[in-house]
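Reader: I have a model open and want to go through a few parts of it. Can you take me through them?

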Amino acid sequence: MDFAAAIMITVITATTPLLIAALGELVVEKSGVLNLGIEGMMATGAACGFAAAILTGSTFVGVAAAIMAGMALSAVFAFLVLGLAANQVASGLALTIGGIGLSGLIGAGFVGTTRQPVPRFEFPDLSAVELLKDFPYISEIAGVLQFVFGQDPFVYVSLVLAGGIFWFLGRSRAGLLLKAIGENQVSAHSLGLKVVWTRFLAILFGGACAGLAGAYLSLVYTPFWSPGMTAGRGWIALALVVFASWRPVRLLFGAYFFGAATVLQLHAQAASLGIPAQLLSAFPYIATIIALVIMSVGRTSIGAPASLGTPFVPDR
Amino acid sequence: MVEGLVGEPLVRLHRIVKRFGPVLANDRIDLEIREGEIHALLGENGAGKSTLVKILDGLLQPTDGEILWQGNQVTLESPVAAAALGIGMVFQHFSLFEQMTVAENIAVSLPPDDSLQDLNVRIAAVGKRYGLALQPNRPVWTLSAGEKQRIEIVRALLREPKLLILDEPTSVLTPQEAETLFGTLRTLAEGGCALLYITHRLDEVKQLCSRATILRGGKVVAACDPREETVENLASLMVGSDVAGLRTATERKVGQMRFEMKNVSMRGEGSHGRALKNVSLGVRSRQILGIAGVAGNGQSELFAVMSGEWPVMKDQSILIDGQPVGHLGIEERRGRGAAFVPEERLGHAAVPRMSLSDNVVLSRQRTRSVVKDGLISRAGARALANSISVAFGVRKGRADPPASTLSGGNLQKFVVGREILRGPTLLIINQPTWGVDAGAAATIRQSLIDLALRGTGIIIISQDLDEIFAVSDMIAVIHDGTLSEPVGVTETNRDAIGLLMTGGKGAKHAA
Amino acid sequence: MRLDIEPRAEVSKLAQILSPVLAVFVAVGIGGLIVLALGKSPVQALFVYFIDPLSQSWTLQELAIKGTPLVLIASGLVYCFRSNLWNIGAEGQFTVGAIVGCILPLATHGMDAGPWVIVLALIMGAIGGALYALIPAMLKVWFGVSEILTSLMLVYVAQLGLDYLVRGPWRDPKGFNFPQSVVFEPGATLPNLMSDGRLHAGIILALIVVGISWFVLTRTLFGFGIRVSGAAPKAARFAGFNAKRMVVFAFLISGGLAGLAGIVEVTGQIGQLQPSISPGYGFTAITVAFLGRLHPVGLVLGAFIVSLTVIGGESAQIAMKLPLDLTTVFQGVLLMCVLAADCFSTYRVRIVSGGAR
């Protein structure tokens, strides 16, 4: 594998967890709910996923456990903000604080344990096939095929997810209803749309995605669990949604752009250019702030759902 | 009940009760609606009309009583269930999604099994049949109030309703648009559709409806044929007592220029606001300038600019008593003797969860008994809140309740009183009696006229043409951010003003 | 089945006081269940967490030491939260306050400069925190960028900055290569209040701040403006309170107090700069502020409860081998319970049989 492909693979692995978590949050926000608890759900997902995978030896069970953990936490959030109309910002923060603590409780017993990361798909090396080995550029073609079809399964899941959400929000009737609910909850309610129920499902979906993104961190990205391993990725995912103006395709590109930027920073660190390592480590956070500013300059509205963050209390 | 009608009514409400906590919004209401009739539901603000139609639309559940649909008892658990039976609803406050297109707005209201394939064709067909033209791909926020209402009606008609409920449909229309709407409604009724028409405008009822049910204080007080009643009769049934007519001064000598605005243009608020285009106006001492217009044509922007909530860049473009104040904020303009009452009572003129005495502080920071050296005197604020309540007859549950617990009329009297008691030299007031009961409206209008007599210049922005004609000396019309030339109230009429409200130019010659 | 909520016309004073109390009880109950799930005795945990810290003089002092930064930060957060601004980066402002505040103590090290150093250090710390909070404030005012994400991102940046300083330019040359600064001189530390203990003068500062804050929020026009800005932004505009200025002031106060907490913690408690100077006080203070119902005096009680769990958590780790993270979980649960209890005081909540909405 050549150097460029190696870098691209690191970009993909850096991007995938951000992308998955941000896609989930995109759907939640489109329904009009702001869930700031991604970081907490991701952390718990990472811990649960790793613990379950170690205990059962099955990656699949680990992933399922991570998703369930994310959904369970998001259900608590949903109870607060939908059932009790609690403040969404504060509830999301509570979820993050609680989720990070919970991940510590769950993961404590697994510190130091390592596990084989989820393998990438093996695409047969065409250049080794007798019949094709004299074909022109066969090794390059084989390399490209290996790159396209040889990623870990999560990568394909994240891309399918992006496509699916694009279709759901842009083309499907259910997506139209979800957007309507996020746009104007009072109108939606008076038309008889199920505001609370729809939001509940959206929040659960967001939780599942955050859990899955967490599982990616502990089962693919690093083959172990450590405290604080989410390192603010949940928050960056939130920023990505804003950066993408709540559009799935932009989110896909935004996430990859961001992933590439962070990998560049890692390489700069490795190349020891004389820049303090801490400054380079701070780069993703500073870049997020700059990206948010660029998105907002000169615009009165950046496409946020109009009901975003407003509690819904219908007349009875 | 009106005798002589045979057969089972389409819908029958029997002893409907709706309670909100301690408030009895509907008290044993009986109502029958028959196919093909246009039935008026009359009552003033707070009489319980909206609650009743929300029950009929499945949005609210009655505390007690039953609903019979074509003779069978039914439970309307949601608007979806009501729509499935054939009940359609056109809300006073549109249930639209501003960012979405017309077609999308209609699609969200259709039942799940209804295909969206040929939606645009169907919209066009209904539009053609009832004179409701719509462009399916326009985003809603670009449309006028009349066009938005058409979406609501088409939405309901696509489901071929047997009963169509319209809640104050003309409140956002010009007189001309209202005429067109009446035509559509008559066509519908002729086709056998029953219409429940909610309003407090009596001339419309006499013109359109064959039966009327009148609500007052949550109860049915009368059912009659409005064509056989006089407007005065209907009004006294609605209000329950005679509302005093306005005492207008016959001769008011206008004085010096109190407020002047010259060629002000301003971007609209938020992404859907209406920009102001080159607006100029002036009001003199002892003069009331009425600004008419359909909601959403730049009234809130105009209020913000005149009050100083949005200061303008050019100092000279706004003058109070001849002094330039363009760059000054609202509080500094208050310091120059001006007073302001915004449209929204809860959330703009008052903080809902704060007490009346706290709410006094909002606009009375220059009253020494309330605020001194940056410190708030609670006793002073309470005393002032009390004198406002006494002077304007504000009814409240206890000494110093939160603003949100007051009824619309009482809170409006409070926020108007808060400004009038200051004795301002200039008062700018947006929708002085919107959604207020007749008694409070009369009190407020009278106090405005009396204030003008004492030498204040007053600007009233209102979408209620009756109000504009009742209190103003001069009338101007705002349409799409442009203000028409003010004309004397005696030199114009409703039709001419109505034409200006639609953006018609010809009316200029009416003066 | 579904949950129906309906706004109450008026929130009674009693409900406002009782709801956080109820929240604490429910949170303790949930915490007990978690302890049970971890295979330990909830009764013993209850004692270790909530009773033991109150039984000894030194633990009571610890309580005040832990409570000091929480009270300071939460006092500032109240200004932001009351005006509906979500400064969640107090942890970063705390860190920057500590860094800026340490400039002078480090520069005068070995000069025997006297107690004016600590006074200036405190002022500089507050200014540092305030200026750092000004970043999200100005980004919001100028560009309309949500303060939530920017203030949070700046936490990571501040922590990395501190990390760089104590490993680089400010590292004690005689410190055996440990990433920490020199130990401050007596003139550059907050005096101890008792001869036999660690309680320092920071608690007095904190209580003074609480008093001033109470006066400002309840009695002055400025405090009124803060409250109106949060409760009804349009009404604030109508009253003539400049929204942008309010954002700047709220963040300056909030950041200033967080920065003050940072330098107080470093000069009073730790005595030198280290890579880690806070167990997440900036985030814990959010729970404290809400537990105190965003009231300048109420938050003292909030800080008391939360500090109990911090100290209890430390001793539970030793005595019962309960992980420290349990405390974090408890704080999250507590915040959720407070928010939920808030709902019960502002809404009538009923469980109704019937379809979902």
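This is a predicted model: local features need pLDDT of at least 70, side-chain atom pairs count only at pLDDT 80 or more; totals for chains, interfaces and linings use all residues.

Reader: Which residue in S8(B) does His39(B) stand opposite?

Author: Leu196(B).

Reader: And what packs on the sheet there?

Author: Helix H1 of chain B, residues 49-56, packs on the sheet. H1 touches S3, S6, strand S7 (163-167), S8 and strand S9 (211-216) of chain B. The direction of H1 makes about 150 degrees with that of S7(B). Helix H5 of chain B, residues 145-157, packs on the sheet too, touching S6 and S7 of chain B. For H5 the angle is about 175 degrees, taken with the direction of S6(B).

Reader: What's the strand order in that sheet?

Author: S6-S7-S8-S3-S9-S10 in chain B, an open sheet of 6 strands with mixed pairing. Its edge strands are S6 (87-90) and S10 (219-224) of chain B, each pairing on one side only. From one strand to the next, the twist averages 20 degrees.

Reader: Different topic. How many residues of chain C are in contact with chain A?

Author: 45 residues of chain C, in contact with 45 residues of chain A.

Reader: Which element of chain C gives the most to that side?

Author: H13(C), with 13 residues. Helix H13 covers 325-346, and among the other elements of chain C that each supply at least two residues are strand S1 (2-7) and helix H5 (116-143).

Reader: What's that side of chain C like by class?

Author: It has 31 nonpolar, 8 polar and 6 charged residues.

Definitions and conventions: Residues are numbered from 1 along each chain as its sequence is written. Chains are lettered from A and ligands numbered from 1 in the order in which they are written. Two strands pair if DSSP finds at least two bridges between them. Helices (H or I, at least four residues) and strands (E, at least two) are DSSP runs, numbered from the N terminus. Axes are lines fitted to C-alpha atoms, for helices over the stretch in contact, and angles run from 0 to 180 degrees between N-to-C directions. Two residues are in contact if their C-beta atoms, placed from the backbone, lie within 7 Å. Ala, Val, Leu, Ile, Met, Phe, Trp, Tyr, Cys and Pro count as nonpolar, Asp, Glu, Lys and Arg as charged, and the others, Gly among them, as polar.
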